[in-house]
Amino acid sequence: MALQIQHYTGLSASEVEASRSQYGSNVLSTRERTPWWRKLLEKFGDPLIVILMVAAVLSIGISCYEYFGLGADRTAFFEPVGILMAIALATGLSFWFEWKADSEFLLLNQQNDSEPVRVIRDGHETMVPRSEIVVGDIVLLSTGDEIPADGQLLEATQMQVDESTLTGEPVCAKSTLPSEQDPDATFPSDAVLRGTKLLEGHGVMRVTAVGDHTEAGHVFTETQIDSSVRTPLNEQLDRLGLLISRASYAIAALVVVGRVVMYFVASSFTTVFTLEFLAYLLQSVMLAVTLIVVAVPEGLPMAVTLSLAYSMRRMLKTNNLVRRMHACETMGAATVICTDKTGTLTQNQMRVADMVQQGPDAALNNNIAVNSTASLDGDRVLGNPTEGALLLWLRAQGANYEALRAAAHVTEEIPFSTERKYMATRVDDTLYIKGAPEIVMAMCGQEQPDASLNSLLLSWQQRGLRTLALAHAEGQQTPVLDALVAIADPVREDVPAAVRECLTAGIDVKIVTGDTPATAKEIARQIGLQVHSPRSLMTGPEVAALSDEELRACAQDITIIARARPMDKQRLVQALQVCGEVVAVTGDGTNDAPALKAAHVGLSMGDGTAVAKEASDITILDNSFASIGRAVMWGRSLYRNIQRFILFQMTVNVCACLTVLAGAFMDTAAPLTVTQMLWVNLIMDTFAAMALASLPPTERVMRERPRDRRKFIISTPMWQFILWLGVLFFVVMTLLLWYFERDGLTPYEQSLFFTTFVMLQFWNLFNARAFLTGHSAFRLRGCREFLFIVALIFFGQILIVELGGAMFNVVPLALRDWLLILLITSPVLLIGEVVRLLHK
């Protein structure tokens with residue numbers, strides 16, 4: 001049936017230009033991408049990096065004083081060079097991994113604005129690029145077209161539109177007749193929207209909005225706004241950086257004040273502001289600066305970066321493509337997951353959910369095959385998804401719809417319309433009918449169907465299933481009912497178990513969909529979510545009517561929002577965040593993009609729209625909700641690995657700080673050289689970070705509640721571990737230093753001292769690995785990478801001592817020395833084992 005277009009004149013050339021000047025062009029404006037150098041500079045805003053930069057400046061000052069003022073050699077600059085290397089590596093690696101992941105998304109938001117569109121201008125049909133469509137244009141729509149802009153329908157013939165990218169609805173009937181309008185539809189039945197697709201029928205529309213002013217444009221613009229929130233790990237590292245800086249400055253001030261007081265006490269307050277005092281004061285300040293440098297955990301930023309990068313790589317193997325590094329850990333802190341329905345929980349492929357057959361197989365098979373406008377391309381449906389579901393069912397029964405269709409001699413067709421609510425096809429003398437059950441059953445003389453069929457239909461409709469009836473008639477006889485069919489978009493097979501895993505892990509799951517309340521409630525039932533109260537199930541209009549305060553008051557009680565528009569999901573996410581929740585959002589459509597952008601972690605599906613992927617932090621490549629559970633497990637395990645490294649690193653720093661502090665008041669030289677401290681604080685700590693980051697995730701974390709984001713990253717047990725062990729190491733090293741200092745510290749004794757200090761940290765690394773596991777440190781199954789890196793640390797220490805010479809101020813040690821050091825330091829691990837055994 002041809003479109004009746006002769007009575008439309010459309011816009012003139014001058015009217016087109018005037019409309020474009022007033023309303024703009026039909027192009028989605030994108031935010032200018034952040035240049036690479038600015039992204040690199042942003043990495044230097046990390047609080048721990050800031051502390052390192054301050055330490056580097058102070059260290060450079062000390063080195064310059066020692067080199068130019070005291071005549072030291074160039075080794076005086078090893079310390080600041082080492083700190084600058086730590087800064088460069090931590091920021092460089094973080095930038096590289098994120099830039100590499102981000103580069104994979106560069107093409108996602110490129111729009112195909114050159115696609116030709118049929119319009120009427122100056123009374124003639126013509127083709128113009130989609131980007132040149134303007135408000136007021138008359139656009140002709142045919143089956144398969146993507147709607148180029150928002151518009152009002154002037155004509156609509158059997159129009160079925162796929163609005164799943166904006167509302168989650170895969171099939172929406174469109175009509176210009178007031179009697180056929182759906183009052184509960186998310187968008188008006190006589191309106192079509194940019195980016196949706198015309199599945200069936202044809203029509204004529206007048207453009208009402210273009211570009212950024214369309215519904216898709218509003219969504220797209222929202223994703224360009226930087227609405228990112230501070231992640232829990234950001235907040236924790238900020239607090240840790242603040243603690244370290246305050247503690248180091250306080251102890252440094254204590255050193256200066258304490259030494260000044262000691263000076264005046266020793267001189268009986270008789271010497272004031274002499275050159276000798278000024279020299280002593282400068283020495284005290286230099287010691288204080290040295291203590292600040294020692295207190296800064298140079299390896300911590302590197303450790304966090306390595307842990308995130310390692311998890312980023314490993315999560316890719318579980319089908320989680322991480323785009324932003326911190327998203328790895330943030331998933332572990334998630335307390336709420338807001339998910340859409342279509343394409344995430346369900347397959348976004350209509351299937352026959354149930355069927356009650358009444359007639360013969362041959363009639364039913366022919367009805368499905370012939371009385372249809374859809375076809376199949378493999379498992380992909382071309383045309384109406386509901387009819388495609390019937391064809392897929394028919395193929396599953398072993399019938400070939402193409403052969404049945406080819407053998408049929410069609411003599412008459414009555415197309416489906418929303419007014420008739422059925423379609424029919426006559427093959428020779430047999431009429432096949434398919435449509436709404438109440439219409440088809442009435443044609444079969446069953447205006448009042450029997451109780452069992454009526455009850456069945458009612459139960460299907462209450463579950464939100466689409467219902468159809470199929471019948472056939474021979475000649476002029478009354479049609480005979482062949483089957484009642486329920487059609488649904490089935491839940492993905494792995495979703496119920498994945499949702500159960502999230503609920504067990506203490507994560508609340510909420511559904512936000514453009515579907516009907518009945519359909520959303522049925523999907524919730526199938527995946528294991530319960531609707532307990534009236535506030536558990538709300539509609540988009542109801543949410544839109546709430547103020548921000550009212551929404552915050554009920555946000556945590558909501559389980560389902562049906563008939564939702566894109567901004568409804570974003571408002572829910574923001575309300576939950578204000579309530580203190582860590583929110584993850586999953587989605588695959590353009591309608592999900594604002595919420596994906598606003599969430600702490602946005603997870604898009606691999607086959608989702610480009611806009612959704614661009615707005616997300618993680619893309620789930622296999623489209624499986626189960627991958628979300630694996631991301632949570634990785635995130636929680638990663639946070640624990642970071643805690644373990646902090647435990648290891650802070651123990652080293654407490655011991656080093658106490659050693660420098662004691663030396664400041666005992667007026668002894670530092671027992672460890674700059675190069676030795678660089679090995680401990682940079683190289684060894686980097687290897688330790690790699691070792692702890694390599695620990696595999698454990699499913700045990702999925703049986704725990706999400707951590708409280710307000711709790712400090714260093715827990716009470718960690719404080720106890722750090723302080724007790726740090727003090728113990730300090731006592732051991734001080735006694736050893738006192739023993740060696742009796743006759744002066746020889747290179748041999750310094751080698752023993754240095755190696756003892758390193759081996760104490762070596763054994764402590766095993767304690768850190770076993771922390772929070774509830775298992776012995778000797779339980780090393782699945783830890784091959786950890787053992788390999790630990791071996792590198794051990795043999796690295798041997799190489800430095802045996803070959804380091806003057807650079808590290810060491811001399812080779814005999815085998816008996818190595819065995820004695822191992823024997824003396826190994827109780828660190830054995831004591832840890834006893835403590836873990838007592839706490840079981």
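Trainee: In S15, which residue is the bridge partner of Tyr422?

Mentor: Strands of a sheet pair through backbone hydrogen bonds, either parallel or antiparallel. Here the bridge partner of Tyr422 in S15 is Gly435, and that of Ala424 is Ile433. Two strands count as paired if DSSP finds at least two bridges between them; strands (E, at least two residues) and helices (H or I, at least four) are DSSP runs, numbered from the N terminus. Please note that this is a predicted model, in which local features need pLDDT of at least 70 and side-chain atom pairs count only at pLDDT 80 or more, while totals for chains, interfaces and linings use all residues. Residues are numbered from 1 along each chain as its sequence is written, and side-chain values use heavy atoms, with hydrogens and water left out.

Trainee: How many bridges join S14 to strand S15?

Mentor: There are 6 bridges between S14 and S15 (residues 430-435), and the two run antiparallel. Their hairpin has 2 residues between the strands, and Asp428 there takes a positive phi near 55°. S14 also pairs with strand S13 (residues 410-414), antiparallel over 4 bridges; Val410 has Val427 of S14 as its partner.

Trainee: What is the order of the strands in the open sheet?

Mentor: The sheet has 6 strands in the order S10-S17-S16-S15-S14-S13, with antiparallel pairing. S10 (351-357) and S13 stand at the edges with a single partner strand each, so one side of each has no neighbour in the sheet. On average, neighbouring strands are turned by 15° against each other, direction ignored; the axes are lines fitted to C-alpha atoms, and angles run from 0 to 180 degrees between N-to-C directions.

Trainee: Is strand S14 mostly covered or uncovered?

Mentor: Buried means under 20% relative accessible area, exposed over 50%, and partly exposed in between (1.4 Å probe, protein chains only). In S14 (residues 422-427), 6 of the 6 residues are buried. Tyr422, Ala424 and Arg426 lie on one side, and Met423, Thr425 and Val427 on the other.

Trainee: How many disulfides does a search of the whole structure find?

Mentor: A disulfide is a covalent bond between the sulfur atoms of two cysteines. The search, which requires a pair of cysteine sulfur atoms within 2.5 Å, finds 0 in the whole structure. Cys655 is buried because its relative accessibility is 0%, whereas Cys64 counts as partly exposed because its value is 27%.
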